[in-house]
Amino acid sequence: MEHTLTAARVLMGDSLGFHIIFVLFGLTLPVLVVWFEYMAIRRKDSKLRDVAKFWSKIMALLVITGVLSGTVIALQMSLVWPGILKFGGEVIGLPFMLETYFFLIEAVFLALYMSTWENKRVSAWLHWFFGIMIVLGSTGSAYVITSINGWMNLPTGFDIIDGKFANVDVLAAMFSTPALVTFVHSMPGYYVAAGLFITGLYTWRLFKTRKSELGSAKHKLDYFIVQKLMLFTAVALVFSAITADLTGKYLAQNEPEKLAALELNYETRSNAPLLIGGVADGNGGVMGPYFEIPSALSLLACNTPGCTVEGLSETAKDLQPPLYIHTFFDIKMTLITILAVVVPLYFIVRWKRPELLRNKLLLGGFVAVSWFGLAIVELGWMMTEIGRQPWAVRGYVTTAEALTKTHDVSTFGYLFPAAYVVLFLVTYLAIRQLIKQEKAKKGAVL
Amino acid sequence: MLWAYILIYVPILLFVVAFLYETYLSFLRLKGPKKEKRGYVDATWEVTHTLLVFGVVMLLMLFTKSIDRIAEVIFISTFWAAVFLGLRGALYIYIFYVRKKPTINWMDWAFALSHVFAALLLVVTALSASWLLITEKPEANLQFIPVFLPGLALILAVIALPIMSLYKNK
């Protein structure tokens with residue numbers, strides 16, 4: 001049983017870890033593509049239109065991959081973990097059904113958008129509208145799926161009377177606090193991750209170019225794109241910071257054991273410090289190098305240094321989340337802190353010393369941090385999901401109880417990760433080929 | 001209850017028609033790749049896939065009270081179908097995005113055959129699930145239907161014209 005459970009958890013973890021990369025690009029690229037197309041229409045700039053068109057090809061490719069990996073996850077949720085829906089299907093089944101609305105909109109308008117770039121009967125603004133519909137479809141889909149995850153973290157919208165569901169309120173479950181908090185925090189996170197990564201690709205091109213050629217018309221376009229992408233990333237980063245604060249307060253109030261595990265806060269106390277570094281020693285202590293910021297955890301939890309924050313001691317030992325998520329949190333916060341310096345630095349340099357943007361060291365620095373957003377998203381979701389353990393539906397169904405009792409998933413546990421690697425490789429090769437084709441074109445935007 | 005079956009079987013039937021057409025095209029292109037349209041569907045690929053997802057989601061979400069029984073019956077065929085759909089997806093990306101020369105080799109055969117295996121396994125899934133619905137008559141989440149249908153009507157109205165235009169111009 002333990003082996004099967006581990007295999008199923010690994011399978012789910014692999015699937016989500018792989019899928020989320022495609023999700024974050026699948027959510028961000030439509031926004032960026034319609035933004036660039038909007039600028040192209042307003043400025044009557046064919047180059048910007050070509051940029052939007054090129055990125056829309058990557059978007060379509062990543063959506064194909066995302067749909068494949070997403071389908072596997074949907075099947076796992078139902079077939080590998082039937083206990084989740086067996087328990088809560090009456091409440092949370094509807095959002096799954098509603099996702100098909102958004103899925104249909106996204107699929108149809110993506111196909112239409114891609115096939116009408118050069119259609120003379122479709123006006124520029126109508127084509128742009130098709131793009132907006134893709135954004136609506138992908139964002140709506142993200143919301144309903146996040147709402148299901150939020151519900152698993154804090155099940156709401158029902159009462160249980162005599163062992164049966166009563167007073168079921170599907171809308172309350174769909175628009176619950178965790179659903180809203182997770183959505184408003186994860187979306188800017190995806191935008192930061194994808195925006196920064198694409199900025200990194202353009203900066204890498206500039207980094208590889210001879211300094212004397214950096215002033216050419218071709219690279220002016222690159223600089224323009226970098227500037228717009230950095231603006232996009234900076235705005236998303238600000239929203240991400242604001243919503244991170246909301247998330248901290250939400251956790252303190254509703255999922256205190258998760259916050260306690262993230263911060264290795266063993267005892268319930270006021271003036272709780274924020275622990276940076278160190279790992280759990282297994283005996284209720286911390287080992288390794290670490291330092292504490294006095295009262296910072298209390299401040300994060302409820303805006304006052306004297307506020308009392310619940311510790312791990314309030315939760316039974318066997319119901320505590322794995323404490324290694326503290327290390328994930330530390331790494332995540334370190335990466336965010338670096339980004340909080342680098343992103344404003346770009347704007348300061350651009351404002352005060354724009355010539356420095358040709359400096360190889362600076363360009364190299366931007367390239368070096370461009371993958372941080374992807375790592376932050378992965379770490380964030382690992383903290384959320386592992387931090388809910390041992391529960392699948394917090395307080396009601398454990399992960400072990402949710403697992404299918406009729407089939408051993410070990411075979412698929414090996415098969416699917418291998419398939420993901422193949423899919424990842426093929427997608428990478430396909431993107432490389434699209435870039436090569438674009439570069440070979442007359443008037444290429446790359 | 002009739003609506004529950006309509007929501008499950010109509011998209012599945014539409015998927016079967018569209019998927020059979022794609023299977024036919026995947027074998028047709030083995031005679032020699034066409035330069036134009038690459039001899040295979042492009043734009044409607046995801047729409048076809050969405051129909052399958054729609055049908056399966058309806059089956060699973062409308063019968064969540066019996067999901068463990070349904071999962072037990074369709075587990076193996078559905079997961080193997082997912083494996084072949086994944087293989088088909090990876091080969092699709094390789095053949096139409098990565099490969100430079102318009103040639104026909106074992107990958108194109110694997111691509112065409114992956115359609116057949118996925119289709120056969122999905123038929124097994126559909127038949128097993130149907131047999132369970134007929135023999136065990138599980139209780140459905142019918143409370144979702146009055147909420148779901150008006151929205152679906154609106155969505156279908158929004159996508160009707162685009163979808164017609166897509167398939168007409170394919």
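Reader: In what order do the elements of chain B run from the N terminus on?

Author: In this predicted model, the elements of chain B follow the order α-α-α-α-α from the N terminus. The secondary structure of the chain amounts to five helices and zero strands. Chain B has 170 residues, of which 41% count as buried. If one takes the contacts in chain B between residues at least 6 apart in sequence, 81% of them join residues at least 24 apart.

Reader: Which residues have the most contacts inside the largest nonpolar core?

Author: The general idea comes first. In soluble globular proteins, nonpolar side chains tend to be buried together. Here the largest nonpolar core has 183 residues, and those with the most contacts inside it are A:Leu24 and A:Ala193. H3(A) gives the most to this core, with 21 residues. Once neighbours within four places in sequence are left aside, A:Ala193 is in contact with A:Leu24, A:Gly373, A:Leu374, A:Ile376 and A:Val377.

Reader: What describes two packed helices?

Author: Two packed helices are described by the angle between their axes and the distance between the axes. Consider helix H1 (residues 2-43) of chain A and H2(A), whose axes come within 7 Å and cross at roughly 155°. An angle over 145 degrees counts as roughly antiparallel, so H1(A) is roughly antiparallel to H2(A). The crossing of H1(A) and H2(A) is left-handed. Residues in the contact of H1(A) with H2(A) divide into 26 nonpolar, nine polar and three charged.

Reader: At what angle do H10(A) and H12(A) pack, and how far apart are their axes?

Author: Helix H10 (residues 325-352) of chain A and helix H12 (residues 372-386) of chain A pack at about 150°, and their axes are 9 Å apart. H10(A) and H12(A) are therefore roughly antiparallel to each other. Their crossing, that of H10(A) and H12(A), is left-handed. Among the residues of H10(A) in this contact are A:Phe328, A:Phe329, A:Lys332 and A:Leu335, while the residues of H12(A) include A:Phe372, A:Ile376, A:Gly380 and A:Met383. By class, the contact of H10(A) with H12(A) has 15 nonpolar, one polar and one charged residues.

Reader: How do the axes of H6(A) and H11(A) cross?

Author: The axes of helix H6 (residues 177-208) of chain A and helix H11 (residues 360-369) of chain A come within 8 Å and cross at roughly 150°. H6(A) is thus roughly antiparallel to H11(A). H6(A) passes H11(A) in a left-handed crossing. From H6(A), the contact is made by A:Thr199, A:Gly200, A:Thr203, A:Trp204, A:Leu206 and A:Phe207; from H11(A), by A:Lys360, A:Leu363, A:Gly364, A:Phe366 and A:Val367. The classes in the contact of H6(A) with H11(A) are six nonpolar, four polar and one charged.

Reader: Which peptide bond is cis?

Author: Again, a general point precedes the case. Most residues other than glycine have a negative phi, and most peptide bonds are trans. The peptide bond from A:Gln389 to A:Pro390 is cis, with omega near 10°. A:Pro390 lies in the loop between H12 and strand S7 (391-393) of chain A.

Reader: Where does A:Asn271 lie, and is A:Asn303 buried or exposed?

Author: A:Asn271 is found in the loop between strand S3 (269-270) and strand S4 (274-280) of chain A. Although not a glycine, A:Asn271 has a positive phi of about 50°. A:Asn271 is partly exposed, with 16 other C-beta atoms within 10 Å. A:Asn303 is exposed, with 10 other C-beta atoms within 10 Å. Phi of A:Asn303 is near 65°, a positive value in a residue other than glycine. The loop that holds A:Asn303 runs between helix H9 (296-302) and strand S6 (308-309) of chain A.

Note on methods. Residues are numbered from 1 along each chain as its sequence is written. Chains are lettered from A and ligands numbered from 1 in the order in which they are written. This is a predicted model: local features need pLDDT of at least 70, side-chain atom pairs count only at pLDDT 80 or more; totals for chains, interfaces and linings use all residues. Axes are lines fitted to C-alpha atoms, for helices over the stretch in contact, and angles run from 0 to 180 degrees between N-to-C directions. Helices (H or I, at least four residues) and strands (E, at least two) are DSSP runs, numbered from the N terminus. Angles under 35 degrees count as roughly parallel, over 145 as roughly antiparallel, 65 to 115 as roughly perpendicular and the rest as oblique. A crossing is left-handed if the near helix is turned anticlockwise from the far one by less than a right angle, and right-handed if clockwise. Two residues are in contact if their C-beta atoms, placed from the backbone, lie within 7 Å. Ala, Val, Leu, Ile, Met, Phe, Trp, Tyr, Cys and Pro count as nonpolar, Asp, Glu, Lys and Arg as charged, and the others, Gly among them, as polar. A nonpolar core is a set of buried Ala, Val, Leu, Ile, Met, Phe, Trp, Tyr and Cys residues joined through C-beta atoms within 7 Å. A residue is buried if 20 or more other C-beta atoms lie within 10 Å of its own, exposed if 12 or fewer, and partly exposed in between; C-beta atoms are placed from the backbone.
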